[in-house]
Structures are given as C-alpha cells and as structure tokens.
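Hi,

Here is the structure I promised to send over. Have a look at it first, and then read on for what turned up.

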Amino acid sequence: MRVDIISIFPEYFAPLDVSLVGKARERGILEIRLHQLRDWTRDVHKTVDDTPYGGGPGMVMKPEIWGEAIDAVISEGRSALGVPAGAPRMIVPTPSGRPFTQETAIEYADEPWLLFTPARYEGIDSRVAAEYGSRLRVDEVSIGDYVLAGGEAAVLVIVEAVGRLLPGVLGNARSVADDSFAPGPMANLLEGPVYTKPPVWRGHEVPEILLSGHHGKIARWRRDQALRRTLEKRPELVDRLDPAGLDKDDRKILAEFGTACGVSFRARPHDVAN
Ligand code: SAM
C-alpha cells in the first residue's frame, strides 16, 4: 500500500517509523510519503491560510495551495506506481466527517493507495473536497466527537489502524479476528479480559477455565466475557448484533442484562439489580 500525507507538519509523523507500522515500512508492505504543503506556496511567507468569507474567528486553508499540492502528489504517485489513470482514495480528516470505525479500517486496508489531507486552523476551503470528489473517491472522516488542533493526529490513528490489517504486518493474523469490533457473526463485540503468567499476581487469580486446556470451554467463556463486557461498557453496540449469530447461551446473557438483540437496549445491569 502507498500512503501520501500532505501537511504543514510532516515532522509530526515521526511515530510512523516505529513499531508495527515502522516494520511494515521497512519490509516494503507500506510505503509512506510525507509532503510539506508549504512547498506549493508562492509567497515569501509561505502562506497557506486566509480569513474566512462571511467573517468569524480563525483562518481557513487556501484551496489553490491544496489543489496544486494534491495534483502534484497524485501525478508523482501515478508515475511511481506505473498507473497513469490510477487514483488514490483521498481521506480528509474533519470532525464533521463520517465516523472512522474498524469497518472503515478494513475497507481502507483493501485500497492500494491512500492520500491524506490533514488540516490546521478552521480546516480546508470546502471547495477542495468538492473538486476532488468529482474525480476521486473522497472521504471526509472523523476519528471521534471531539476537536483536535489539527488533522495529523487523526492520520496517525487511521494509518496505524489500517497498517496493522495489511497482510504480513501482524505476527499472528488470527489476533485480528479476535479483536474488538472484528467482523463476523458476533461483529461489534468488545474483546473480553486477557491474562498471562503468573497464575496469581498480588492475590489476583487468572480465571480457572483459562488454565483448564479445554479449548471448547475456553472459547465459550471468551464469548460470554466479550458479550458481558459489551453490555456493560457499550450497550448500544449490542443492538447492532446479528440475531441470527446468537446462540442459546448468548440469549441467556442478554436476558440477564434485560435486553434482547434487535430490541433497543433498555436496562443497564444496575437497573436490573435494583
Ligand atoms: N472548526 C472545525 C470544526 O469545528 O469542525 C475544527 C477545525 S480543527 C481545529 C482543525 C483540523 O483538525 C480539522 O480541519 C481536521 O483536519 C482536524 N480534526 C480536528 N478534530 C478532528 C476529528 N475529530 N477527526 C478528524 N480530524 C479532526
């Protein structure tokens, strides 16, 4: 996968040299190219922003600079990849975008080429997304319901979530299938608790079942724990479970929490207890 990132703070991306993503880059699984947006400015101050039309506080990033930068990065990428007509999927981080989820990460992991345009100030002039939206796939994406100072941290989050899904990046591909939010019949569940040696630490014991060596019972226990944890911490996710994927034991747990899949969650555990 090729990833291009255009930013006024390319140095912000130093963490992409370490850990899993860094190794994926070393091994040629992931190629990340950083571009300084200011390289496309023409004035002596290297200005990338201007006052907003309509007034108001803050500054808005200028469309001409972004346009030239994006065109140049795409044409350079096309020659490097040898795809004269190829185009990246363009990802514009913004708090007003569609929420970034594990499903989105899986979708992006299938793309050969991603182009990120993290902004600063009040964001990029809206005509940039409109202009490229008519030629490329452009996604305005939010990493959560809060406002960052800039899109660089959002890009780090997305690249790490996508990078670990690329074939050959994780030592054990099965860990992706067991992750929280993993797709499948029990999609959207949080992962349950995990333990390692020693069996007793400061008086806290590892659940006995995990020491039993009984794979079937361990799998059942893990599924129960995942369902319980999801009900306790993110009950709204349970509404999105596929009822066809639930067995008798799952339904028992749902009933215990006062809910049923496909029926809006009404009671939290403490409501049931009281
Ligand atoms: N005034 C904008 C608003 O309220 O939507 C926020 C601008 S923010 C200070 C500057 C930039 O940070 C955004 O253009 C975007 O690139 C990035 N950003 C901030 N919060 C984000 C979030 N939750 N998800 C993705 N990007 C975000």
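**What I found**

Strand S1 (residues 2-7) and strand S6 (residues 113-116) run parallel and are joined by 4 bridges. Within that pairing, Asp 4 sits opposite Leu 115 of S6. Before you go further, keep in mind that this is a predicted model.

**The sheet and its helices**

S1 and S6 belong to an open sheet of 5 strands, ordered S2-S1-S6-S5-S7, with parallel pairing. The edges are taken by strand S2 (31-36) and S7; each has a single partner strand, so one side of each has no neighbour in the sheet. On average, neighbouring strands here are turned by 30° against each other, if you ignore direction.

Helix H2 (residues 63-81) packs on it and touches S1, S2, S5 and S6. The direction of H2 makes about 160° with that of S1. Helix H5 (residues 152-163) lies across S1, S2, S5, S6 and S7, and runs at about 165° to S6.

**The ligand**

Now for the ligand: which residues come nearest to it? There are 18 residues around the ligand, and the nearest are Pro 93, Glu 122, Gly 144, Tyr 146 and Leu 148. Sorted by class, the shell holds 11 nonpolar, 6 polar and 1 charged residues.

Some backbone contacts to check on your screen:

- Ile 143: a backbone N or O atom lies 3.1 Å from a nitrogen atom of the ligand.
- Leu 148: a polar backbone atom is 2.9 Å from a nitrogen atom of the ligand.
- Gly 151: a backbone N or O atom is 3.3 Å from an oxygen atom of the ligand.

On its own the ligand has 590 Å² of accessible area, and the protein covers 83% of that. Which elements give two or more residues to the shell? They are strand S5 (89-99) and strand S7 (137-142), and both are also strands of the sheet described above. S5 provides the largest share of the shell, with 3 residues.

Where does the cis peptide bond sit? It joins Lys 197 and Pro 198, with omega at about 5°. To find Pro 198, go to the loop between helix H6 (174-178) and strand S8 (200-201).

The other spot is Tyr 121, which has a positive phi of about 55° although it is not a glycine. Tyr 121 is in the loop that runs between S6 and helix H4 (127-133).

Over to you, and write back with any questions.

Cheers

Terms used:
Residues numbered from 1 in each chain as written. Predicted model: local features only at pLDDT ≥ 70, side-chain atom pairs only at ≥ 80, totals over all residues. Heavy atoms only, no water. Near = heavy atom within 4 Å. Polar contact = N/O pair within 3.5 Å; in protein donor to acceptor, adjacent residues only side chain to side chain. Areas by Shrake-Rupley, 256 points an atom, 1.4 Å probe, with all protein chains shown as cover. Nonpolar A, V, L, I, M, F, W, Y, C, P; charged D, E, K, R; others polar. Pairing = 2+ DSSP bridges. Axes fitted to C-alpha atoms, helices over the stretch in contact; angles between N-to-C directions. Contact = heavy atoms within 4.5 Å.
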